[in-house]
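Hi,

Here is the structure I said I'd pass on. Have a look first, and my notes on what turned up follow below.

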Amino acid sequence: MADSALPTAPVPQLAQSVRDRSGVRRKLRYYGEKLGGSLVSLFAVILTSFFLFRIIPGDPVRTMTHGRPVSIEQQEQLRRDFGLDKSVAEQFWSYLTGVLRLDFGDSFQFNRPVTDLIADRFWPTVLLVGTSVVISAALGLWLGVRGAWNHGSLSDRVNTGIALTLWSVPSFWLGLILIVVFASGAGWFPTSGMESTGVEGWERIPDIAHHMVLPLVTLVAVVYAQYLMIMRSSLLDEMGSDYIVTARAKGLRDLIVRRRHAVPNALLPTVTLIFVNLGFVVFGAVLVETIFSWPGLGQLFYSGLSVPDLPLVQGLFILFSAAVILMNLLADLLYPILDPRVRP
Amino acid sequence: MGLLEVSDLTVTYRTAGGEVPAVRGVSFALEAGQKLGLAGESGCGKSTMALALLRLLPKTAGYTGEIRFDGEDILTMSWGRLRAVRWAGASIVFQGAMHSLNAVQRIGAQIAEPIRLHSKATEAEIRRKTGELLEHVGLPARRADAYPHELSGGQRQRVMIAMALACDPQLIVADEPTTALDVMIQAQILTLIESLVAEQGISLLMISHDLSVLADTCDRLAVMYAGRIVEEGPAAAVFGAARHPYGAALAAAFPRIGDPASRRRPQGLAGDPPDPADLPSGCAFHPRCAVRLDHCAAVDPSLWPVAGEDRQAACVRVLPDEGLSLVAKESA
């Protein structure tokens, strides 16, 4: 009788409010755990960042003064200016207190606060890489759905083949080929940079878009296969499920079965992937930004690593990690909305 | 004329290893308001049959024969007509305790979906009807907002039944409706199905491996083995005194309520069901048959009326003497 013993009469007010309160507590605990976990990860990143880049071989002062007539005294002065003459413990303490005040120090090579440098480079990267994530996710998911629904067809095999081929191409190689063919060759697109000098006002929008085409094509081409393959295999799994047979037995058209039943279920694993990739948006694309001289964070990181410009790479590393942690947190918070089974 | 008339239905799956016959020439009829049980081991083709009735099998399945539903042949009708017959004419209760409901949709929306598709009801009417259906199967109407994972297995099966009733169909196909439920819930669900179909005059085709469940619920029973019906007749007669050795073995595998002796001699059937891609010669059951005759490996008997009874069996032992001698001559 356990099954029909469900209370059909209205639940007494007291019991209802007790249940509500424990539900709220459970929700708060879920969100609290996720938030706490993120803060712990962030703190671990701050600690690691300091030691990680001191393992890189190379003396920043020697690299920066290489090939220039600089006396030993001047080098010592630089070392004092950078604070590199102090003990590691002292350096760590001033780093830690600085980071907690959101002060990452001054870059060795640019002689400017790291936060200013990041602020300059932040939006170009978000524009380029963010757009590429949106386009590649949309393209990959669309092709993945089509591929799974007509799996084994000619168009499915061709699309999957092209995507996997492009995926295995190195991004810097593809970027260089595109520059050779379409920029310096055909002259259709600029070879580098984000905008032309002397363009003002609203004119900047088409100009930046024009500069963005080739790096964007490169970034999209090498990653959209990831979305395609995940969406395709996830949808193929769902298509074999019993509830899809139920939906078809109801007399729904194929298109509706796909859109209303199969795709919402198949999207769940894909959402995680999109958020993980969004976390990498600010990390930029070190190789692609460097090849196209895109004034973004990836390029900045590259120039910081070659010195090594310790305050700069430390600051960037914390920023990149914080973005990934934040996006993972958002995915954790969003997932229960999409999937009722994991609701706290 | 029956509501559902299946004649000489075959279903063959095309696979990489060649063609695999899953249903090999099945014929039966179901009158309006009648309850027919279809029994057999897993792999005998009974679930393929259930899905074939609404042409729900994957593209790799090929059909021949006829499935006349209310006079129209399901196998040759247009897709548009077929979609209209699905659920509104005949609906299916799947083994819903597990995965037959969409996990990310509220059950109310899933019940309302076929109503919206097959009728011109307004949203308010649909909502009212959904609530009524839930109450009809013993769930409070407010459970419409629940997701499938918030319900127990028995409750989910009730939702499946409410869903099957949504468009007032003439026929309900129940495919293993109580498998994976515990015995108490199983009895409740069976009683529920029985009372609902009786109340609304719906025909029922119930499919199960459990002959005792079918015998309790249905008017007539058909036993399937290796893609064929090997025995058919009134439920009590088939369950009580099967004329095909496989039907007898299947009946003996379940203890009979009110007969303690049957509990103390549980009887199984040795061997596995045959691989549909590689069927034995002659009667498909002969390698496992305890009472086989010499010519069983050579003769493949079809359903044959049992003399003097309203039933049929596909076994050389029910053939009248002249038939038997005919068979003996053939195999000699």
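Predicted model: local features only at pLDDT ≥ 70, side-chain atom pairs only at ≥ 80, totals over all residues.

Along the principal axes, the C-alpha atoms of chain B fill a box of roughly 70 × 50 × 40 Å. Its secondary structure amounts to eleven helices and twelve strands, and 45% of its residues count as buried. If you take the contacts in chain B with a separation of 6 or more, 62% of them join residues 24 or more positions apart.

Now for where the chains meet: 21 residues of chain A are in contact with 29 residues of chain B. On the chain A side, α9 (242-249) and α10 (254-279) each supply at least two residues, with α9(A) giving the most, six.

α10(A) deserves a look of its own. This helix has 26 residues and reaches 35 Å from its first C-alpha to its last, close to the 38 Å expected at 1.5 Å a residue. There is a kink of about 45° in α10(A) at A:Val263, shortly before the proline A:Pro264. A:Val263 is also among the buried residues of the helix, which include A:Arg258, A:His261, A:Asn265 and A:Leu278. And what do the buried residues of α10(A) pack against? Their partners in chain A are α5 (114-149), α8 (204-239), α9 and α13 (310-338).

Cheers

Note on methods: Residues numbered from 1 in each chain as written. Chains lettered and ligands numbered in written order. Helix = DSSP H or I, 4+ residues; strand = E, 2+ residues; numbered from the N terminus. Buried ≥ 20, exposed ≤ 12 C-beta atoms within 10 Å, placed from the backbone. Contact = placed C-beta atoms within 7 Å. Expected span 1.5 Å × (residues − 1). Bend = angle between axes of the 7 residues up to and from the residue.
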